[in-house]
Amino acid sequence: MQRKRSYKTARISPQCSNFGKEVCCATDFPPADNDHDTLANWQLDTPPGINSTGHLIFETVNSLLQHWPNTRMRNGHNIVPGKVPPGTLLYRGSWNSSLPPGPGWTATDPEHSILFCRNLVSENGCWHLTLISTRPLKVVYFDGSSAAKAPFATMDSQDIIAWGDVQPSWPLEEMDRIEDLCKWGREYDVDGFVSEIMLCNFTSGVRLVSALNLAGPVMPRNSSPKSSCMFEAMYAGSLHNQYPGETRIQLDLSGLISFYDTELVPSLVAARFGKERWDHRLLNISREDVKRVRARLGEVLSRPTGQSSGIDWQGLIRVIVDRYSERLQFVRYLLNSVDTDVNDWNVTDYAIKTQLQLRNLLVPYILVNTTPPSIDPKTKGTGLDALDWARPTYRLCATTHTGMLKDDVMTTSEKVLLSAVRETTREICRVLTKMWGLGVLAGVDQFMGTVNELDAEAIQNLMKRWRKEVDELMAWLDWSVWVKCRPACGPEEICYLTTWPIGFPLPPLPPLPQNGYCVPLLPPQPRQCKVPMVTGLLAQSVPPPLEISGDWERPQPRCIRRVDPYESSFRDHP
């Protein structure tokens, strides 16, 4: 007697057996017209909603702590708790050998900190401090180019935590910003904040390793610029371009706060509507949403350790990206390798090659009983209703990674991540299944037993439709892993995205000092800037204004030289 089957979840049932192996058959799913059919929710003509943000959460989480994607999309939208492990070296360029009495900046790469290595006493040498963490440092990470002191969205999330509102006219108020961040974080025992690593207290959790008076990093005056400190700092950052990125900071994604979370921050949905991702920022966030974000972050930072599902979300997302990124790129290459307006055998040949790649992507989800109603390429029923037979493949593809994950043991942040992964994989699998199914109906799938003569015009139209489908999918996903220098750079070059401050317009400097302090123009209540006005040796070492890069708003990859002669923007200016 056959046991009753359940269709309430995407779990594969072992009841159907073929050739002695457990296989889930197409007949394990109820008919498509059944009112209780779970396949009714898997229509191949239903794309994500226009205001959906799951794919944005997916890609920004995939990009955490990586230099390349956060340089490309510098407007950060995530706040994540983390820690710096004990034994981590931190570096600080300074004016003297003393540690700061209050908050201050450190870097994880000496090439970065050495840019700030100076000496107020004479022009000989400069001070470079090395510190080591003596215990785990509790930090809060802001993604995007959050170290860029710029008025165009890089500091939006920091402003919201420090001041409860975005202050685009305060980009240079870095000392006020870090002091107020540290003041806010004191209740939660936060040791620092990560854009650079901004430490709140240099007497707690870190110890001085050395304070060295180094030879000056800047080339002597009137010398030929054969080296570039600015380039070396940028190059050191590029070593963390791709996954896993900066490994000296360990993030806890079970406490992720995302401004793309439409339940947490609904006020930004309308603000983003119709805008490209480059232009997303937090300017129009409501006061209620700000309160929710700050309260949620406070809850996350107060939560005892171990209260999460234990799922490796970063690993899960990387598995999906690794599975699809290069293959999607190759499918697009094949589709662009032939002129579909010319009716010749080449078009059919590339259609068969493309269909094989689509099938390779879906092989783990094509059941033994998956059969189209007709494989006649001249069949009139070629609309999406003719693809109902492919819906089990769609569902299996979309639910394999997440179907068995139980959200009853997840934190609120993890539920957001689960939804983002589900939405992203669902759309990838919807498009791939539709493309593959159309290829089967057109007769170019050699595994379906097609023996009919191929229709050349139908194949041309199929290729054009495929190209549109994959272009729209890849644009929607917008994975930075696809952003590369083509052709690849030579051995004396590196691939580069315009990186702040090189090539960017500079924010206006604060007014002249009063009693040694700058008094910025800050609405609505004036606040005194606590950073002494730049004078003396530092003022002499500031380079002359540089040309603004034409792509600073939307950086595009290009090759630049890593040895002399450098681009003018990277030459040292003695």
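**Entry 1: a pair of helices**

I looked up how helix H4 (residues 156-163) lies against helix H5 (residues 174-185), and found that their axes come within 8 Å and cross at roughly 55 degrees. This angle makes H4 oblique to H5. I note that the model is a predicted one. I then recorded the hand of the crossing: H4 passes H5 in a left-handed manner.

Next I asked which residues make the contact. On the H4 side I listed Gln 158, Asp 159, Ile 161, Ala 162 and Trp 163. On the H5 side I listed Asp 176, Arg 177, Asp 180, Leu 181 and Trp 184. Sorted by class, the contact of H4 with H5 holds 5 nonpolar, 1 polar and 4 charged residues.

**Entry 2: the second largest pocket**

I turned to the second largest pocket, in which about 780 Å³ of space lies. Its lining is made by 34 residues. I looked for those nearest the centre of this pocket and found Ile 50, Ser 52, His 55, Ala 475 and Trp 476.

Which helices each supply at least two residues of this lining? I found helix H1 (54-62), helix H7 (267-272), helix H12 (412-442) and helix H13 (456-477). The largest share, 8 residues, comes from H13.

Finally, I checked the classes of residue in the lining of the second largest pocket, and they divide into 13 nonpolar, 7 polar and 14 charged.

Methods: Residues numbered from 1 in each chain as written. Predicted model: local features only at pLDDT ≥ 70, side-chain atom pairs only at ≥ 80, totals over all residues. Heavy atoms only, no water. Axes fitted to C-alpha atoms, helices over the stretch in contact; angles between N-to-C directions. Helix = DSSP H or I, 4+ residues; strand = E, 2+ residues; numbered from the N terminus. Parallel < 35°, antiparallel > 145°, perpendicular 65-115°, else oblique. Left-handed = near helix turned anticlockwise from the far one by under 90°. Contact = heavy atoms within 4.5 Å. Nonpolar A, V, L, I, M, F, W, Y, C, P; charged D, E, K, R; others polar. 1 Å grid on protein atoms, 1.4 Å probe; cavity = no way out; pocket = protein on both sides within 12 Å on 5 of 7 lines; lining within 4 Å. Points joined across faces, edges and corners; volume = space filled by probe spheres on them.
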